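I would ask you to keep the sequence and the structure in view while I go through them region by region.

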Amino acid sequence: MKFRSAVHSLKLSCLVLVGLLFLGGCSLYDDYIGDAESDPPLPGTREPVYNLDQALRADPSVADLPVTLPAPQANAEWAQAGGRPDHAMYHLDLGTGLRLAWTADVGEGSGSNVRILAQPVVAEGRIFTLDATSKVSAFDANSGRRFWQRDIAPEDEDDGFFGGGLAYQSGRLYVTTGFAQVLALDSSSGEVIWRQQFATPLRAAPTVVGNQVYVVTIDNQTYALSAGDGSQVWVHRGIQEAAGLLGAASPAVTNDLVVTPYSSGELYALRPDNGHVLWSDSLSGFKRSDPILDLADIRGHPVIDRDFVLVMGNSNRSVAIAALQGQRAWDIEAGGISTPWTAGDFVFLVTNEQTVMAVVRSSGRVRWVTQLPRFEDPEDRDGPIAWYGPIVAGNQVIVAGSNGEVRILAPSDGAENGVIKLRGKVTIAPLVANRTLYLLTEDGDLLAYR
């Protein structure tokens with residue numbers, strides 16, 4: 001069938017395009033930076049080609065500004081990718097001295113042809129996961145006991161597992177897939193309530209608010225669907241992009257605003273009722289002559305926090321935009337694939353240079369910068385490490401790494417306060433719900449720490 005052929009072609013294109021993986025250990029990425037094992041480094045002192053740290057230094061003018069956090073908030077749920085529809089989670093309640101409480105096997109882990117990309121979601125005392133082969137599972141969030149598992153891949157499909165994600169609302173679990181489908185499942189049983197087919201794969205987790213589900217396709221189209229039956233309410237079309245990063249960001253949504261990001265670096269603010277454009281921006285970045293870091297893709301979720309929209313683009317640009325008017329409040333040379341984390345008067349970022357930054361929310365001035373380990377073998381610069389997060393919880397800034405570590409930093413100055421050694425590598429941002437830190441490893445192990 002022509003339609004299936006087109007979908008298959010797009011899937012293959014997707015896999016080719018996202019071949020520019022920015023994940024640590026990717027062989028294609030090694031092609032760009034050199035394989036240390038097969039190509040011995042030339043002798044001599046290494047000097048950076050670009051002064052990447054220039055924009056990442058702490059600003060002396062705010063050196064004496066104390067970093068204070070609002071009181072921690074207890075959150076029983078982490079119901080959508082990024083926590084809430086607006087992706088603003090502030091300061092969450094979590095204990096210190098975290099210890100492993102339980103583990104669970106979610107199914108197939110990442111491999112050469114499949115990857116786990118979906119952040120788990122937590123609601124109604126359960127944690128829901130999507131494994132690398134499109135199997136959705138529900139576990140007891142307190143003990144890790146599995147309640148049910150549902151294979152949502154079409155029967156006649158054996159590829160297209162890349163992409164997709166989860167969102168929960170009112171007893172329904174909404175799922176996007178690389179098979180170009182959106183589904184609504186009964187969260188208590190996993191039974192399919194409705195399933196809608198699209199022409200192109202879904203690249204990000206859905207966002208659901210009220211009666212509408214918002215999804216983004218691989219070719220940069222945002223659909224608003226009826227939460228009741230999946231029928232289309234409206235669609236917004238961005239510019240198609242020839243290359244992008246693996247995975248994608250979900251729209252940030254409030255009752256008045258839908259902020260949707262595209263792999264082209266475009267950012268649109270839309271009306272929830274009809275999809276009309278309120279304002280737009282572009283995070284096309286500062287050229288660095290790097291085939292991966294030049295990608296304008298917005299991989300971290302945009303955040304709607306009070307009067308600002310906060311966004312980090314891959315191509316060395318992070319911005320704060322007035323939510324209603326669309327004017328930029330500040331713009332800094334800090335790029336990454338993580339979601340900005342806002343808490344009180346500060347925004348915490350993880351950058352492509354594997355630094356954690358605390359930025360003054362009102363001005364964009366950098367209060368502190370902490371360099372995280374960049375390589376598992378620093379001497380030979382082998383085994384690049386990618387860090388995911390941050391999360392601000394229990395008066396701690398928490399990041400998880402592809403080297404199998406969790407680093408805990410002090411919010412006041414970024415000083416390291418602890419390291420947790422995991423039983424596997426992490427390539428998805430951690431989450432917190434009900435005073436529990438959850439991590440999903442590449443191998444498909446779900447870990448709960450309290």
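**A covered strand and its neighbours**

I begin with strand β29, residues 396-401, which is mostly covered: six of its six residues are buried. Please bear in mind throughout that this is a predicted model.

Which residues of β29 lie on each side of the strand? Gln396, Ile398 and Ala400 are on one side, while Val397, Val399 and Gly401 are on the other, and both faces are covered.

With strand β28, residues 387-393, the pairing is antiparallel and runs over five bridges. Tryptophan 387 has glycine 401 in β29 as its bridge partner. Two residues separate β28 and β29 in their hairpin, and in that turn glycine 394 has a positive phi of about 60 degrees.

With strand β30, residues 405-409, β29 again pairs in the antiparallel sense, here over four bridges. Valine 397 has leucine 409 in β30 as its bridge partner. The hairpin of β29 and β30 has three residues between the strands, and glycine 404 takes a positive phi near 80 degrees.

**The chain as a whole**

Let me now step back to the overall picture. The chain has two helices and 34 strands. Of its 450 residues, 60% count as buried. Its accessible surface comes to about 17,900 Å², and carbon and sulfur atoms account for 47% of that area. Among contacts with a separation of 6 or more, 53% are between residues 24 or more positions apart.

What of the confidence? The mean pLDDT of the chain is 87, and 84% of the residues reach 70 or more. Over residues 1-38, however, the pLDDT is below 50, although this stretch has 58 contacts in the model beyond near neighbours in sequence. Residues 47-53 also stay under 50, and for them the model has four contacts beyond four places in sequence.

**The nonpolar core**

Which members of the largest nonpolar core touch the most other members? They are Trp341, Phe348, Leu437 and Tyr438, in a core of 55 residues. Taking tryptophan 341 as an example, and not counting residues up to four places away in sequence, its contacts are Trp78, Met89, Tyr90, Leu92, Phe346, Val347, Phe348, Pro390, Ile391 and Val392.

**Threonine 176**

Threonine 176 is located in strand β7, residues 172-177. Is this residue buried or exposed? Threonine 176 counts as buried because its relative accessibility is 0%, and the cut-off for buried is under 20%.

A polar side-chain atom of threonine 176 lies 2.9 Å from the backbone nitrogen of glycine 165. The backbone oxygen of alanine 204 is 2.7 Å from a polar atom of the threonine 176 side chain. Leaving aside neighbours within four places in sequence, threonine 176 is in contact with several residues, including Leu130, Gln181, Val182, Leu202 and Val215.

**Proline 373 and its loop**

Proline 373 lies in the loop between β25, residues 366-371, and β26, residues 375-377. This proline is partly exposed, with a relative accessible area of 25%. Not counting residues up to four places away in sequence, proline 373 touches Gln354, Ile385, Trp387 and Arg407. The C-alpha atoms of proline 373 and glutamate 353 are separated by 9.7 Å, the two residues being 20 residues apart along the chain.

Valine 356 has threonine 370 in β25 as its bridge partner. Their hairpin has five residues between the strands, and glycine 364 takes a positive phi near 80 degrees.

**An open sheet**

I close with four strands that form an open sheet in the order β14-β15-β16-β17, with antiparallel pairing. β14 (252-253) and β17 (277-282) stand at the edges with a single partner strand each, so one side of each is left without a neighbour in the sheet. β14 pairs with strand β15, residues 258-261, in the antiparallel sense over two bridges. Valine 253 has valine 258 in β15 as its bridge partner.

Note on methods
Residues are numbered from 1 along each chain as its sequence is written. Side-chain values use heavy atoms; hydrogens and water are left out. Buried means under 20% relative accessible area, exposed over 50%, partly exposed in between (1.4 Å probe, protein chains only). Contact means heavy atoms within 4.5 Å. Accessible areas come from the Shrake-Rupley method with a 1.4 Å probe; for residues, only the protein chains shown count as cover. A polar contact is a pair of N or O atoms within 3.5 Å; within protein, one must be able to donate a hydrogen and the other to accept it, and residues adjacent in sequence count only if both atoms are side-chain atoms. A nonpolar core is a set of buried Ala, Val, Leu, Ile, Met, Phe, Trp, Tyr and Cys residues joined through side-chain atoms within 4.5 Å. Two strands pair if DSSP finds at least two bridges between them. pLDDT is the predictor's confidence in each residue, from 0 to 100.
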